[in-house]
Amino acid sequence: MAALPYFDEIDPSTIDVLLVTHFHLDHAASLPYFLEKTTFKGPVFMTLATKAIYTLLLSDYVKVSKVSEEDMLYDEQDILRSMDKIEVIDFHQTLEVNGIRFWCYTAGHVLGAAMFMVNIAGDRVIYIGDYSREEDRHLRPAEIPQFSPDICIIESTYGVQLHQPRNMREKCFIDGMPNEYWSNHPELHYIPIYYASPLAKRCMAVYQTYINTSALKCIENFNDVGPSVVMASPSGLQSGLSRQPFEIWCSDKKNACVIPGNVVEGTLTKTIINEPKEVTLMNGITASLNMQSVEMYFNSEKRLAEKTPEVGETVSGLLVKKTFTYHIMAPDDLHVFSQLSTENISQRITIAYIGAFGVLEHRLKQILESVESLPNEESEGPAFRVHERLTVKYESEKHISLHWRSDPISDMVSDSVIISILLILILILITSYC
């Protein structure tokens, strides 16, 4: 229940219509619950492709959910009953419910994804959902509506993220391959690629209904003769179609296993990443693990753990809790491997000071360990740096300024320098009055 949206903050019976942009779980997973377990009685609209994959995806979600029956939000029967309540809408088709007019545009992103324009009493609101404006090899990019909306509701999950352009990501992928070897061996260009996933097979049938082309072959046609590539699920290699070819091939050093995405503790993928010499098969027999270890970094060239640290070696970074595990990340990689980002805060403070600037620098050298004069061309005037963290500049006959990049140590240095300057100023004032 804690994973649901805040349905208790609204009265579902007062909602006129429900519009679903696409089939991904973060946009549609609670739909069966909302239709079957609340007081909502209005119509639901989504595109035909979304409806087709919606039932496949949620049925699979129910099957793999590891929760007790009493904690399940809904079952397969709820999903099937919800299908009868879902109506389909085509792109650019205008419909009206209780005086609310709406139509949808192509959103890119995934097959069937839509952006909904809603017209209520002359005011236009567009809900973007997830979208992509990139040219794609299998999907059209998101359309630009011909009507300007009065209100735009847009996803903010990656609002602070800067994603690399697709051509740069593809270049990183290609650069990771031995291009000269690839060019000199054209026979590799015709190696078959298979997909081995019951859910992927069913979804691919929907995809081919709309696209009519695919470079992938179903595992039903698989012939284990010669080289090939098999993309299989589940990614944890715990059971199913991915585990079966792994157990057949794991002992042959000519084979390789590439694991995309995160690995979960307690799974076989987590075990083989540590490169053990043996693995236990489903039948309990131990087999040698001779498959090649393949490491491919596409997101960033900087990795905190490119090499295994030696015993006693200091490892520094940011400790980040992600899902149920902890990760040590380099600050530069934080935005790549999490939804967090780092920012630098530059601080400046101006202090009234009537003494000679050279006297101030001399006094601070007597108090602090590291005070270094800066050349005028670097600082655009008299200045010195304290502990390589804080810069003190001469501004005028009555003012000086302090500049530093905020962090716990630099803030502490700035506090000590400010106190020292005030003490020096007091001594100057006392001396002048005496």
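Two strands pair if DSSP finds at least two bridges between them. The model shown in these views is predicted.

**View A. Strand β6 and its two partners.** Strand β6 covers residues 114-120 and is mostly covered, with six of its seven residues buried. On one side, β6 is joined by six bridges to strand β5 (residues 100-106), and the two run antiparallel. In this pairing, Tyr105 stands opposite Met115 of β6. Strand β7 (residues 123-127) also runs antiparallel to β6, and five bridges join the two. Here Asn119 stands opposite Arg124 of β7.

**View B. The hairpin of β6 and β7.** Two residues lie between β6 and β7 in this hairpin. Ala121, in the turn, has a positive phi of about 55°.

View C. His22 is found in the loop between β1 (18-19) and α1 (25-28). His22 counts as buried because its relative accessible area is 0%, and buried means under 20%. The side chain of His22 makes a polar contact of 2.9 Å with the side chain of Thr21. A second polar contact, of 3.3 Å, links the His22 side chain to that of Asp130. Beyond its neighbours within four places in sequence, His22 is in contact with residues including Thr50, His109, Val110 and Ala113.

**View D. A nonpolar surface patch.** Val315, Leu319, Tyr326 and Ile328 make a nonpolar surface patch of about 440 Å². Ile328 is found in strand β17, which covers residues 325-329. With a relative accessible area of 49%, Ile328 is partly exposed.

Note on methods: Residues are numbered from 1 along each chain as its sequence is written. This is a predicted model: local features need pLDDT of at least 70, side-chain atom pairs count only at pLDDT 80 or more; totals for chains, interfaces and linings use all residues. Side-chain values use heavy atoms; hydrogens and water are left out. Patches are made of residues with over 30% relative accessible area and no salt bridge: like charges are joined within 9 Å, nonpolar side chains (Val, Leu, Ile, Met, Phe, Trp, Tyr) within 5 Å. Accessible areas come from the Shrake-Rupley method with a 1.4 Å probe; for residues, only the protein chains shown count as cover. A salt bridge is a side-chain nitrogen of Lys or Arg within 4 Å of a carboxyl oxygen of Asp or Glu. Helices (H or I, at least four residues) and strands (E, at least two) are DSSP runs, numbered from the N terminus. Buried means under 20% relative accessible area, exposed over 50%, partly exposed in between (1.4 Å probe, protein chains only). A polar contact is a pair of N or O atoms within 3.5 Å; within protein, one must be able to donate a hydrogen and the other to accept it, and residues adjacent in sequence count only if both atoms are side-chain atoms. Contact means heavy atoms within 4.5 Å.
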